[in-house]
Structures are given as structure tokens and as C-alpha cells.
Amino acid sequence: MKKNLFLFSSALMIAMLLAACGTAATVEEDTEPVEAPAEDTTASEDESVEESTEDNTASDDESVEESTEDTTTNDDGSVEESTEDTTTSDDESVEEAAGTLIQSDEQNYKLHVLDGYELTAEEPNKDSLYVSDNSAVFMRIETFSSEDIDFASATESMKQTLKAVNPDTEAVEASNFDGANFKQSAAFEVPSTEGSVTGIVYENDKLIVRLTIFDDNTVNATEDFISMGKTIQSVE
């Protein structure tokens, strides 16, 4: 009897142990699937955040780079275009006023002669630059070194010439001559029977130049004569 009770007790304990082991295994199996999804969710969120950050950074960098390149291109293009236009304009102005460079046969100077005009020797130390189809419209050119004559004497001589042309009228200052580029200058004019006579004296680095312009109202070449007369330079 005691032996049977002992066996029954042993069997009951083994059954209880087996039941306990089964319950633990069941609990463990039920718990493991809960932990796995938490790990996957965290990894997915990290990857999403990282990809979003990289995309935004790349987009910002590309935008900044494109903006910088466009600005540089526009600035450089504007500067280059402005520079080319200014240079072209200056070159055209010089070419338009240049004419043909001619050296005097009788005096120590050269000047630019426009189309429609001719230069010839009038007498010793005097040249005549005249309209090709009207030799009565001309400019007398006289040049001196500063050792031969001073500016004041040359100006007084020019005034006497104008007085001889029209003794009844005082010479008035000419408003169409700009002597800003010369050391000193003077310009006067008087009316004549045909039109006007203009006398100009100026001093540059090498010469004292005296110009006497005889114009006709039907021609009006005074402006051209002044433009050419201002280009006179000493021949080295």
C-alpha cells in the first residue's frame, strides 16, 4: 500500500513538472513574435528619416549650385556686352573723324584731311586747305615753333588780318571753337561779303598754329575746317 502511494505521488509530481514545462514553452513562444516587429519598425523609421534627409540635402545643394551658376553667367555676360559696346563706339568715333593723314610739303606738320578737301602750298610758310569743288572756300594754315613767335604775338597778328577783311566791324569771339585740349587758344570771327572769316590761334606741345578760315554762306564748311585744323601735329 505504501509502495502504491509512493508511486502515485511520484507520478503526480512528474505530471505537474511536465505541465509546468509546457506552460513556460507556450509563454515563450507567444512572447517572441511581439519583440520582432518592434525591431523592424525602428529600423524602417531610421532608414526613412535618413533617406528623406539625404534627398532634402541633395535638393538644396543642387538649387544653390544652379542659382550661383546662373548669377555668374548673367553678371559676366552683362560686363562683357557693356565693354564691347563701349569699345566699338569709341573706335567708330575715331574712324569717322580721322580722314586721311597728309603731311605738308612746305611746313613741319601733318593733319587729317576729310573727303572733299585738298591741301596745297599757298606760299612759303602758308598752306591752303580748300573745298575740292570751290577753291574760294579755304583755310589758310600757318605753323610756328615757340622760338619763332609767342602766343600773344600770333593772336595779335590774327586780329589784324580779320580787321583787314572787314575794317568796319570789330571781331567777336567765335563760339564754335573748343580749345580745351590745347595749352592756350583764341578764336574770333567777322562777317564778310560772301559769308564769314574766322581766325584761330592755338598752342599744342610742339607748335603754335594760326588758322584763317574763309567760308561762304552757300557752303558752310567752317565746322569741317575747324575739325581738321585741330588735328595738326608736328612732324618729328
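1. E122 is partly exposed, with a relative accessible area of 33%, where partly exposed is the range between buried (under 20% relative accessible area) and exposed (over 50%), computed with a 1.4 Å probe on protein chains only. The side chain of E122 meets that of R140 in a salt bridge, at 3.1 Å from N to O; a salt bridge here is a side-chain nitrogen of Lys or Arg within 4 Å of a carboxyl oxygen of Asp or Glu. This pair links distant parts of the chain, since E122 lies in strand β3 (residues 117-123) and R140 in strand β5 (residues 134-144), 18 residues apart. R140, for its part, is buried, with a relative accessible area of 16%.

2. Before reading further, please note that this is a predicted model, in which local features need pLDDT of at least 70 and side-chain atom pairs count only at pLDDT 80 or more, while totals for chains, interfaces and linings use all residues. Residues are numbered from 1 along each chain as its sequence is written, and side-chain values use heavy atoms, with hydrogens and water left out.

3. On confidence, the protein averages a pLDDT of 75, and 58% of the residues score at least 70; pLDDT is the predictor's confidence in each residue, from 0 to 100. Over residues 23-54 pLDDT stays under 50, and for this stretch the model has zero contacts beyond four places in sequence, a contact meaning heavy atoms within 4.5 Å. Residues 62-97 also stay under 50 in pLDDT, and for them the model has one contact beyond four places in sequence. Where pLDDT is low, the predicted coordinates should not be read in detail.

4. As to the overall fold, the protein has three helices and ten strands, which from the N terminus on run α-β-β-β-β-β-α-β-β-β-β-α-β. Of the 236 residues, 27% count as buried. Among contacts between residues at least 6 apart in sequence, 47% join residues at least 24 apart.

5. The count of salt bridges comes to two, and the one between E142 and R210 has its closest N and O atoms 3.0 Å apart. It too links distant parts of the chain, with E142 in strand β5 and R210 in strand β9 (residues 208-216), 68 residues apart. E142 counts as buried at 8% relative accessibility, and R210 is likewise buried, with a relative accessible area of 9%.

6. In helix α3 (residues 222-229), T222 deserves a look, being buried with a relative accessible area of 9%. Its side chain is joined to that of D215 by a polar contact of 2.6 Å, that is, a pair of N or O atoms within 3.5 Å, of which, within protein, one must be able to donate a hydrogen and the other to accept it, residues adjacent in sequence counting only if both atoms are side-chain atoms. Leaving out residues up to four places away in sequence, T222 touches N176, S196, T198, I213 and D215.

7. Finally, V165 lies in helix α2 (residues 151-165) and counts as partly exposed, at 33% relative accessibility. Apart from its neighbours within four places in sequence, V165 is in contact with V190, S192, V197 and F214. V165 and P191 are 26 residues apart in sequence, and their C-alpha atoms are 8.7 Å apart in space.

Conventions:
Helix = DSSP H or I, 4+ residues; strand = E, 2+ residues; numbered from the N terminus.
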